[in-house]
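Subject: Structure handover

Hello,

Here is the structure for your files. My notes on it follow below.

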Amino acid sequence: MTPKNWFSALRHLFQRRLPEDRKLGQVLIERGILTERQLNDVLAAQRQRLVDTGQAVRLGHMITELGLAAEADVVAVINENFRISVASLSDNIRELILRRRGPLAQRLPKPAMPIWLKLCLGVLLIVIVTIVSFSYFMINRQKARLFDQTVTVGTVSLNYFVNNARIPLIQDDILSLNTLIKAATSTEGLRYAMVTDTQGLIRAHTDVGRIGTRRIAPKATASPVKHGDTTYFSFPSASGEQILNLTRDVVFQDKRLGSVHVGVSLNFIEQLVDKEIQSILMMTLGTVSFGLAIAVFIGIRFAQPIQTLVAATEAIGKGDYHYRVALNRNDELGNLATAFNQMGEELFRHSLTRQSFGKYVGAEVLEMILADPEKMWLKGHKNEATIFFADIRGFTAYSENREPELVVEMLNRYFEIATRAILDYGGYVDKFIGDAVLGVFGVPVFRKDHTERAVRAALALKTQLQASSINGNTMLSSVGIGLHTGPIVSGNIGSQDKMEYTVIGDTVNLASRLSSLAAAGEVLVTSAICEPLADRIQVEPAGVRSIKGKSEPVKTFRVTAIEQRAHVRSSR
């Protein structure tokens, strides 16, 4: 087989796809269950359903829904043709087909990496990168310092020779010059020293055999550097040793008499660097070993409670709301276990009250739903309503240094007061969003005075929270309230498996923004609230605010009081 054929076979192995004539529609035509025209009708209906509802319906479901074939027949064809085993069209047929006949990359199991191994690899990477980066910086800095020190030492020797070579050069005293240079042989690291005259002839040298010859300048590895009267550069010697050559002219009464050249070895720098690298490697090995040991310990210590929580999650997912996590830890995982147990309790309670959500939306809404579950309230439609938003200022800081149990207790107390205030004035609690409460007045039960009811509910909530905060729950005195009235869209939103009656629209968003801007104990409203209640409401200007999502600034007002009208509350 040629390399090209091998490549084609390998590409086919990894990129294998289900051929067109083996797709479900074509298979059903081949088996005589559908005709070509029926298949086209089903595909057209499938596309239209996607356009109308935004939901993609599987081909098999669409065929059975239109009554063109029985589900059992379609399932039998799928199992026989694609060699899989499904019980109904609700199974994940596409995933099963891809696992068996899809590309190799999709059929291979995904690698699982335990958390302790991830921590080990993370620690290893961090330690190595940190040490290598730090070492590279320090070694280069040390090399630069050693080089500067070598230049300084060589300059000192060079200056000594220059200062003592003037008179012998003037007198052409070769013996004195060589006696001066001979003393350089005892200096550690000094490889040579020489004195040349103005013609470049060597008058004195540590190597006596070179006296009287012409100096041949070595080939520098880099451009020479001039520092004051001294010029220096490095070059490799015949033995491969790196030498730093320093040169300075000998001048007497502005007349150049010659030059002094000194060669200093640079190899000791590399030797010192090699020793430092060895030390760094040993330190890195020790640090990595210690870090890996700590990472394994921490990873296992974290992995075990996570596995416990995974098991608990699976149990909760199967409906066992009585499952409890026992983690005796005084850290975030312990808090998570506590919160998880609380979640299980809440899910159990919700499972008992799921069919009785009138407790959350009020008796009137519940009666309306039970009277006619298929009524228009289920579908999205546009209405005028007043949106009520309240949330706690500084809730994150408040809960940070308190036990989760205490925070939950205080939060539940706040939600209880807010819910009662909203229900008392004819609104309903749409949802709790973290520490925020969303209330709606005007839908699904329309009231002509929904704006006034919302304002009265907000002021009543403010008064009740202030009174309750005296008992030590400072969180209750930190609630800001925002109100806005206008058009909203209300109805059931969600999927076929999970739906929620809620409200959406710009009015909801603006009320939420006002709630975020409201200070603790403040009720912030817009002109849309103030204008219909101008004869009954007392407000203070709160400034023109730039609201996210609004092209124009919004005038805001602070509600201080409203005319007392007992019948508003009693006419729920």
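Predicted model: local features only at pLDDT ≥ 70, side-chain atom pairs only at ≥ 80, totals over all residues.

How many bridges join strand β5 to β6, and do they run parallel or antiparallel? Ten bridges link β5 (residues 242-252) with β6, and the two strands run antiparallel.

β6 covers residues 255-265. It also pairs with β1 (residues 190-197), through seven bridges and again antiparallel. In that pairing, alanine 193 has valine 262 of β6 as its bridge partner. Nine of the eleven residues of β6 are buried, so the strand is largely enclosed by the rest of the structure. Buried here means under 20% relative accessible area.

The turn between β5 and β6

These two strands form a hairpin with two residues between them. Glutamine 253 is in this turn and has a phi near 50°, a positive value in a residue other than glycine. Its relative accessible area is 69%, so glutamine 253 counts as exposed, the cut-off being over 50%.

Other backbone points

Most residues other than glycine have a negative phi, and most peptide bonds are trans. Two further places are listed here for that reason:

- Aspartate 172 has a positive phi near 55°. It lies in the loop between α8 (115-171) and α9 (174-182) and is partly exposed, at 46% relative accessible area.
- Valine 443 and proline 444 are joined by a cis peptide bond, with omega about -5°. Proline 444 sits in the loop between β9 (436-441) and α16 (450-468).

Regards

Note on methods. Residues numbered from 1 in each chain as written. Heavy atoms only, no water. Buried < 20%, exposed > 50% of the residue type's maximum accessible area, 1.4 Å probe, protein only. Helix = DSSP H or I, 4+ residues; strand = E, 2+ residues; numbered from the N terminus. Pairing = 2+ DSSP bridges.
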